[in-house]
Amino acid sequence: MASRVAGANTARVEISQKLRTWTADNAQLIDSGAISAREALPRLADESLVDMGAPLNNNGDLVHQAAVLESLARYSLSVPFSLWGHRMVIEFLKLSGGGYAQSVLPGLQAGTTPGASAMAPGYKSLAGAGDLDLRLSKHHDGTLRLSGDIHWASNLYDDAIAVAPAYGPETTHHTGVRGGVIVAFPLKASGVEIGPDLEILAMRGTASNSAALRDVEIRPEQILTRDFSTFLQRTRPTLSVLQASLCLGLASAAYEQAVLNATGFHAVLLGEIHEHGEQLGTARQQLIQLASHVGTDHPPNPQDVLALRLQAGQLAGALATLELKTAGGQGFITTSDTNRRYREATFIPLQAPSETQLRWELGQTD
């Protein structure tokens, strides 16, 4: 069992040496897709590290869950990225409750059933930046059927449980967040077709893919909520804090290696490296502060959370680039940790919400 230590200025989760070693030893294999990141989920579950603070910062444990993701991201971004999507599905199901949620949560909490969060279009719609890609309709026989496309999500394994937003059966046309519902369903259900494996840059082991849904039957208890906007607003701080922790873990590993590399003429970059390191330390303390207020009577300002998510991603990119600059030719060997971290960092600006979406949203409040 993992032990946890927290202080006023730090948050740390002691992950077992066995798990740290497994993650580090398999980082390249997961990155290349030779093995799947989901293999870490039961190992994480064995140390009670898959559902800390779910839902809504229960017992104040969200800061510890963030620390788990940050620690793992120092070794491999794929493993905590897979955990992030899985953890969010647990968050959604625990928050909604109900018979269906209770029936699938044991497998998710054990790490034997993967969770796939396909919620990006919902948060984008909430921000007024897009429409939903799925529609729940009532057929002539009275059953509810889900159709449309998941254009991009991770953990899309055929035995996974997915959670996604959709227009509800009472919605006759696209109306933004009005008429939206959140649904959960198994990807093994009839009518779900997962796309072919993609040759993606970095993180091939995360089962990031698309899926087409054609008349997938949805029982009423699989509708997690019809209170679309409230549900998204309540869960987004958790989502953003955990995403930011991924970025900070990657940034920390790149920073530490860049400092080690910055000898000889590479030392000309030390000032820039240390400047970003100071920003990294400040961002980490801000994350702890924001995470500790999620779900309390004094919740964090949503714009502050989004700003942290944006900054964390930018720090990961900047520090991975500085590590590459100080690594020399080693940085261009695809099996090197430096090269892997650089490729992982190039993914972050595209992860939903993308850097451009975050900048657009923050700009709406200027």
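This is a predicted model: local features need pLDDT of at least 70, side-chain atom pairs count only at pLDDT 80 or more; totals for chains, interfaces and linings use all residues.
## Overall architecture

The protein chain contains eleven helices and ten strands. Along the principal axes, its C-alpha atoms occupy a box of roughly 75 × 45 × 40 Å. The radius of gyration of the protein chain is 20 Å, which agrees with the value near 21 Å that a compact globule of 366 residues would have.

Of the 366 residues in the protein chain, 54% are buried. Among contacts with a separation of 6 or more, 75% are between residues 24 or more positions apart.

## Helix 7 against helix 8

Helix 7 covers residues 228-261, and helix 8 covers residues 270-293. The two pack at an angle of about 155°, and their axes lie 10 Å apart. Because angles over 145 degrees count as roughly antiparallel, helix 7 is described as roughly antiparallel to helix 8. The crossing of helix 7 with helix 8 is left-handed.

On the side of helix 7, the contact is formed by V241, A244, S245, L248, A251, S252, Y255, A258 and V259. Helix 8 contributes I273, H274, G277, L280, A283, R284, L287 and A291. Sorted by class, the residues of this contact between helix 7 and helix 8 comprise twelve nonpolar, four polar and one charged.

## Helix 3 against helix 8

Helix 8 also packs with helix 3, which spans residues 62-73. Here the angle is about 145°, with the axes 8 Å apart. Helix 3 passes helix 8 in a crossing that is right-handed.

In the contact of helix 3 with helix 8, six residues are nonpolar, two are charged and none is polar.

## Residue N261

N261 belongs to helix 7, whose range is residues 228-261. Its relative accessibility is 15%, so N261 counts as buried, the cut-off for that class being under 20%.

When neighbours within four places in sequence are left aside, N261 is in contact with H266, E323, T326 and A327.

Terms used
Residues are numbered from 1 along each chain as its sequence is written. Side-chain values use heavy atoms; hydrogens and water are left out. Axes are lines fitted to C-alpha atoms, for helices over the stretch in contact, and angles run from 0 to 180 degrees between N-to-C directions. Helices (H or I, at least four residues) and strands (E, at least two) are DSSP runs, numbered from the N terminus. Angles under 35 degrees count as roughly parallel, over 145 as roughly antiparallel, 65 to 115 as roughly perpendicular and the rest as oblique. A crossing is left-handed if the near helix is turned anticlockwise from the far one by less than a right angle, and right-handed if clockwise. Contact means heavy atoms within 4.5 Å. Ala, Val, Leu, Ile, Met, Phe, Trp, Tyr, Cys and Pro count as nonpolar, Asp, Glu, Lys and Arg as charged, and the others, Gly among them, as polar. The radius of gyration is taken over C-alpha atoms; the globule rule is 2.2 Å times the number of residues to the power 0.38. Buried means under 20% relative accessible area, exposed over 50%, partly exposed in between (1.4 Å probe, protein chains only).
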